[in-house]
Amino acid sequence: MIVRSFKDIEGTDRHIKSKSGTWESKRIVLAKERVGFSVHETILYAGTETQMWYANHIEAVVCTRGEAELTDRETGKTYTITPGTMYLLDGHERHTLKVKEDFHCICVFNPPVTGREDHDENGVYPLLTEPEEV
Ligand SMILES: CC(=O)NCC[C@H](N)C(=O)O
């Protein structure tokens, strides 16, 4: 069993700030835990816009605080995401988050991220894995 708090991982290599400067994320469960998913607490900053495309991952995002406008760039549909609302990228949709108020969310990725990914110019994370233990 693993017990850990988001407070414990602040400032460690589980806590990353994006190159884009639009978000930060604390990864409380990562690929190295070898459970098939990762769990993150992410904050996207008010006034920013982030384009993403998880071509290699499925992501569920549960908003816990703040507000953002989510655009599904496959359909052009927009959604207002506020606390208690979840979006699930079950079709690897290209999407954009335009943040009205600092947007706090819990994200689950399958396959899990290793912690070494950052979005490329298309908003994609590469598919990285942890080396097999010997
Ligand atoms: C909502 C979202 O996908 N934000 C980007 C960061 C991601 N949650 C991560 O922690 O890598």
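**Reading the labels**

Reader: Why does I81 count as buried?
Author: I81 has 3% relative accessibility. Buried means under 20% relative accessible area, exposed means over 50%, and partly exposed is in between (1.4 Å probe, protein chains only). The value of 3% is under 20%, so I81 counts as buried.

Reader: What kind of model is this, and how are its residues numbered?
Author: This is a predicted model, where local features need pLDDT of at least 70 and side-chain atom pairs count only at pLDDT 80 or more, while totals for chains, interfaces and linings use all residues. Residues are numbered from 1 along each chain as its sequence is written, and side-chain values use heavy atoms, with hydrogens and water left out.

Reader: What makes the place of I81 a strand?
Author: Strands are DSSP runs of E with at least two residues, and they are numbered from the N terminus. I81 sits in strand β6, residues 78-81.

Reader: Which residues does I81 touch beyond its sequence neighbours?
Author: Contact means heavy atoms within 4.5 Å. Residues up to four places away are not counted, and the partners of I81 include C63, E67, Y87 and F103. E67 is 14 residues from I81 in sequence, yet their C-alpha atoms are 5.7 Å apart.

Reader: What makes a group of residues a nonpolar core?
Author: The members are buried Ala, Val, Leu, Ile, Met, Phe, Trp, Tyr and Cys residues, joined through side-chain atoms within 4.5 Å. The largest one here has 21 residues, and L44, Y87, L97 and F103 touch the most other members. Strands β5 (58-72), β7 (86-89) and β8 (94-110) each supply at least two residues of this core. The largest share, 6 residues, comes from β8. In soluble globular proteins, nonpolar side chains tend to be buried together.

Reader: Why is D72 called buried?
Author: Its relative accessible area is 15%, which is under 20%, so D72 is buried. D72 lies in strand β5. A polar atom of its side chain is 2.8 Å from the backbone nitrogen of E74.

Reader: How do you know that S25 and T42 make a polar contact?
Author: A polar contact is a pair of N or O atoms within 3.5 Å. Within protein, one atom must be able to donate a hydrogen and the other to accept it, and residues adjacent in sequence count only if both atoms are side-chain atoms. The side chains of S25 and T42 are 2.9 Å apart, within 3.5 Å, so the contact counts. S25 belongs to strand β2, residues 23-29. At 2% relative accessibility, S25 is buried.

Reader: Which residues are closest to the ligand?
Author: Near means that a heavy atom lies within 4 Å. Of the 14 residues around the ligand, the closest are S25, R27, H40, E59 and Y125. A polar side-chain atom of S25 is 2.6 Å from a ligand oxygen. For E59, a side-chain N or O atom is 2.8 Å from a ligand oxygen. T42 places a polar side-chain atom 3.1 Å from a ligand nitrogen.

How values were computed. Helices (H or I, at least four residues) and strands (E, at least two) are DSSP runs, numbered from the N terminus.
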